[in-house]
Amino acid sequence: MSWQRRERALVRPHVVTEGRAHPTRNTLDVATVVLATWAPMTGLSPEKRRVMELCRGGALAVAEVAAHLKLPTSVTKVLLSDLLDSGHIESRAAVRETEVPDQQLLQKVLDGLRALT
């Protein structure tokens, strides 16, 4: 990689986030799901417009948005928090996997159902 490309890679995230290193909200993790609202995209940066285009196609996790933008997750979180603040997107906590039910309990339920028939 040339020194010019490396320099651009270092500068770009700083430019994209307008010099900020942290999001305005600390509620986003890589599994948080974001959805676009139908707010107008007037005045949005190219990266924020791209986020809106991506999210209007359906709900995406923060990690997926970062991958599509080819930006670090930390930079993507700054962009997403700005869009949350402006009402352009909504976020929802990721659905957690349910716990595996106890095998003995399931066997008792099955035995009870069989006894009814």
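In what order do the elements of the protein chain run from the N terminus on? In this predicted model, the order is α-β-α-β-α-α-β-α. Counted by type, the secondary structure comes to five helices and three strands.

The protein chain has 117 residues, of which 30% count as buried. It exposes about 8400 Å², and carbon and sulfur atoms supply 56% of that area. Taking contacts between residues at least 6 apart in sequence, 66% join residues at least 24 apart.

Together they form an open sheet of three strands in the order S2-S1-S3, and the pairing is antiparallel. Strand S2 (60-61) and strand S3 (89-92) are the edge strands, each pairing on one side only. In general, strands of a sheet pair through backbone hydrogen bonds, either parallel or antiparallel. Strand S1 (residues 33-36) runs antiparallel to S2, and two bridges join them. Within this pair, Val-33 has Ala-61 in S2 as its bridge partner.

Helix H2 lies across S1, S2 and S3, with a direction at about 95° to S1. Helix H4 also packs on the sheet, where it touches S1 and S3 and makes about 110° with the direction of S3.

H2 and H4 meet one another as well. The axes of helix H2 (residues 46-56) and helix H4 (residues 73-85) come within 10 Å and cross at roughly 75°. H2 is therefore roughly perpendicular to H4, since angles of 65 to 115 degrees fall in that class. On the H2 side, the residues taking part are Glu-47, Lys-48, Val-51 and Met-52, and they meet Leu-79, Leu-80, Asp-82 and Leu-83 of H4. Sorted by class, this contact has five nonpolar residues, three charged residues and no polar ones.

Asp-82 has its place in helix H4. Is Asp-82 buried or exposed? Its relative accessible area is 14%, and because buried means under 20%, Asp-82 counts as buried. Leaving aside neighbours within four places in sequence, Asp-82 is in contact with Arg-20, Thr-24 and Lys-48. Of these partners, Lys-48 belongs to H2 and is among the residues through which H2 meets H4.

Note on methods: Residues numbered from 1 in each chain as written. Predicted model: local features only at pLDDT ≥ 70, side-chain atom pairs only at ≥ 80, totals over all residues. Heavy atoms only, no water. Helix = DSSP H or I, 4+ residues; strand = E, 2+ residues; numbered from the N terminus. Buried < 20%, exposed > 50% of the residue type's maximum accessible area, 1.4 Å probe, protein only. Contact = heavy atoms within 4.5 Å. Areas by Shrake-Rupley, 256 points an atom, 1.4 Å probe, with all protein chains shown as cover. Axes fitted to C-alpha atoms, helices over the stretch in contact; angles between N-to-C directions. Parallel < 35°, antiparallel > 145°, perpendicular 65-115°, else oblique. Nonpolar A, V, L, I, M, F, W, Y, C, P; charged D, E, K, R; others polar. Pairing = 2+ DSSP bridges.
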